Amino acid sequence: MNLELHETYRIQYCSGECVLWEYLGTDQRTVPWWQEVSSGRVFNEDSVIYAWQLIEKVS
């Protein structure tokens, strides 16, 4: 799936919990950045310490 800048995606954690993340694009190292919709927390994929999968675009 091609990610679209500032679009929201449903993510499923390995626990089965689903959350919404907004895709913020990549930095100069091409590391993807996200913002968790419910908390506003901004993070990159390298900092996520649990398994997750992208389910669908929701916006």
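**Figure 1. Contacts and overall size of the predicted protein.** In this predicted model, residues 24 or more positions apart account for 33% of the contacts with a separation of 6 or more. Contact means heavy atoms within 4.5 Å. The model is predicted, so local features need pLDDT of at least 70, side-chain atom pairs count only at pLDDT 80 or more, and totals for chains, interfaces and linings use all residues. Residues are numbered from 1 along each chain as its sequence is written, and side-chain values use heavy atoms, with hydrogens and water left out. The C-alpha atoms fill a box of roughly 30 × 25 × 25 Å along the principal axes.

**Figure 2. The open sheet.** The protein has zero helices and five strands. Helices (H or I, at least four residues) and strands (E, at least two) are DSSP runs, numbered from the N terminus. The five strands form an open sheet in the order S4-S3-S2-S1-S5, with antiparallel pairing. Strand S4 (42–44) and S5 stand at the edges with a single partner strand each, so one side of each has no neighbour in the sheet. On average, neighbouring strands are turned by 40° against each other, direction ignored. Axes here are lines fitted to C-alpha atoms, for helices over the stretch in contact, and angles run from 0 to 180 degrees between N-to-C directions.

**Figure 3. The pairing of S1 and S2.** S1 pairs with strand S2 (residues 18–26) in the antiparallel sense, over five bridges. Two strands pair if DSSP finds at least two bridges between them. Ile-11 stands opposite Val-19 in S2.

**Figure 4. Thr-8, a residue of strand S1.** Thr-8 lies in strand S1. Is Thr-8 buried or exposed? Thr-8 is buried, with a relative accessible area of 15%. Buried means under 20% relative accessible area, exposed over 50%, and partly exposed in between (1.4 Å probe, protein chains only). Leaving aside neighbours within four places in sequence, Thr-8 is in contact with several residues, including Leu-20, Trp-21, Val-37 and Val-58.

**Figure 5. Met-1 and its contacts.** Met-1 lies in the segment before S1. Met-1 is exposed, at a relative accessible area of 64%. Not counting residues up to four places away in sequence, Met-1 touches Tyr-9, Leu-54, Ile-55, Glu-56 and Lys-57. The C-alpha atoms of Met-1 and Glu-56 are separated by 8.8 Å, although the two are 55 residues apart along the chain.

**Figure 6. The salt bridges.** How many salt bridges are there? The count is three. A salt bridge is a side-chain nitrogen of Lys or Arg within 4 Å of a carboxyl oxygen of Asp or Glu. One joins Glu-4 and Lys-57 (2.9 Å, N to O). Glu-4 sits in the segment before strand S1 (8–13) and Lys-57 in strand S5 (residues 52–57), 53 residues apart. Another joins Glu-56 and Arg-10, with the closest N and O atoms 2.9 Å apart. Glu-56 lies in strand S5 and Arg-10 in strand S1, so the pair ties together parts that are 46 residues apart in sequence. Arg-29 also bridges to Asp-27, at 2.8 Å between the closest N and O atoms. Asp-27 is buried, with a relative accessible area of 16%.
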